Amino acid sequence: EAAVEGGLEEAVAAARQADVVLLAIGEPQNFSGEAQSRTQIVVPAAQQALAEAVAAAGKPVVVLLKTGRALALTGAVRNAEAILVTWFLGSQTGPAVADVLFGDYSPSGRLPVSFPQDAGQQPFFYNHPRTGRPQREGQPRDFKARYREVGNEALYPFGHGLGYTRFEYGTPTLSTSRLPWGQAVTVSATVRNVGERAAEEVVQLYVHDRVASRVRPVRELKGFRKVLIQAGASLDVAFELEPDALAFHGADGKRVIEPGMFDVWVSPSSSAGQPVSFELLAGPQQGASPASRL
C-alpha cells in the first residue's frame, strides 16, 4: 500500500535499461475476502504512481495484475501494451506466468467478471436487466439510462480474453427457427483461427428471452466450449440448447419456461457477436398462455 523508499527511482532506472518492462502490481492479497470492501476499486495509489513513472521511461509495458476483484484501471495501467491478470494463484504461479509471457503457451483464460470503465459503475454485471430507456447511439442524451462521464459498457466484459492469435466467428445457425415445445435446438457457428499459431479458444453461448412475465437479462451464458484450433483452420462448434436452459424463476419463486422469441449468440465474450433468433412454440397444455411450470 505504501511506497518503498527509493523504490520508484530504482524502478525507473531499470525501465530505462530494458527493452520491455514487466510491471507486477495490483492489490495485496489481504484486500480480498470478508470485510475487505473498498469505496474505490482501483490500483493502490503508490503502485499507480509507480506505473506512471515507469511508463514515462518510454518502454513498452506489460502489466502483471494481481487482484481478487475486477478493478477500474486508469492511466498507465489501462494504457499498457498488454495486461495479464494473474489473480492470486498457487505455488506454480511463477512457472505458469512465465510460460504465457515467453509464448510457450497461448493464454485461453477468460474473465469471470466484467472490468468497469470507472469505479462508479459498480456493481457491474453482464447479465443485467434491460432498461426501459437505453442510451442508443445518435439519440438525445436527456432522460436516458446512462452515465454522464462514461458509457454503459464494460472496459473488459465478462468472458473477454486475448491470446497469441486471432479468431473470427461466423454467424450462428440454428437447427430450427420454430422450436416445438419440449425439444432442443442445435446452435452452431464456425470459428476460424486467422493467426499464425495453434491456440485454444473459449467459445461461449448466450441467450436472451425477449418477452417474459419477468424482465429477463440482456444476455445469459448458457454454455461454453474450449477448443483447440490449428493456425489457418476452422472448426464448427455446436451447442445443444435444452428446454431447461430457457427456464427462469417466476414471481412465485418456481422455475418456469415461457414460449416466445429468443435471441442467441455464439461469441468470444458477453458483448461480442451477432444474434440469431428462434421461437419457442407453446405446447398443447399452454395454448396461448405464457408459462409452464417445471
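## Close-up views of a predicted model

**View 1. The end of helix α4 and the residue after it.** Helix α4 is followed by G103, a residue with a positive phi, near 80°. The model shown here and in the other views is predicted. Within α4, which spans residues 93-101, the buried residues are T93, V97 and V100. Looking down the axis of α4, these buried residues fall within an arc of 60°, so they line one face of the helix. An α-helix has 3.6 residues a turn, so residues three or four places apart point the same way. The cover over the buried residues of α4 includes strands β2 (61-66) and β3 (82-85).

**View 2. The two domains of the chain.** The protein chain is divided into domain 1, residues 7-105, and domain 2, residues 167-280. Between the C-alpha centres of domain 1 and domain 2 the distance is 34 Å.

**View 3. R219, a buried arginine without a salt bridge.** R219 sits in the loop that runs between β8 (199-209) and β9 (220-229). R219 is buried yet forms no salt bridge, and D263, the nearest side chain of opposite charge, is 8.8 Å away. The side chain of R219 does reach backbone oxygens: that of S270 at 3.3 Å and that of A272 at 2.8 Å. Leaving aside residues up to four places away in sequence, R219 touches a set of residues including Y126, N127, Y206, W265 and G273.

**View 4. The salt bridge between R69 and E27.** Side chains of opposite charge can pair when their charged atoms come close. The count for the model comes to seven salt bridges. In one of them, the side chains of R69 and E27 meet with N to O at 2.5 Å. This pair links distant parts of the chain, 42 residues apart: R69 is in the loop between β2 and α3 (75-78), and E27 is in the loop between β1 (21-26) and α2 (45-55). R69 and E27 are both buried.

**View 5. The salt bridge between E220 and R216.** The side chains of E220 and R216 meet in a salt bridge, with N to O at 3.4 Å. Both E220 and R216 are buried.

**View 6. The salt bridge between R255 and D244.** R255 forms a salt bridge with D244, and their closest N and O atoms are 3.0 Å apart. The pair links distant parts of the chain, eleven residues apart, with R255 in strand β12 (residues 255-257) and D244 in the loop between β10 (234-241) and β11 (248-249). R255 is partly exposed, at a relative accessible area of 29%. D244 also counts as partly exposed, at 45% relative accessibility.

Note on methods:
Residues are numbered from 1 along each chain as its sequence is written. This is a predicted model: local features need pLDDT of at least 70, side-chain atom pairs count only at pLDDT 80 or more; totals for chains, interfaces and linings use all residues. Side-chain values use heavy atoms; hydrogens and water are left out. Domain bounds come from an automatic or database domain assignment. Helices (H or I, at least four residues) and strands (E, at least two) are DSSP runs, numbered from the N terminus. Buried means under 20% relative accessible area, exposed over 50%, partly exposed in between (1.4 Å probe, protein chains only). Lys and Arg count as positive and Asp and Glu as negative; His and the chain ends are not counted. A salt bridge is a side-chain nitrogen of Lys or Arg within 4 Å of a carboxyl oxygen of Asp or Glu. A polar contact is a pair of N or O atoms within 3.5 Å; within protein, one must be able to donate a hydrogen and the other to accept it, and residues adjacent in sequence count only if both atoms are side-chain atoms. Contact means heavy atoms within 4.5 Å. The arc is that of the directions from the helix axis to the C-beta atoms.
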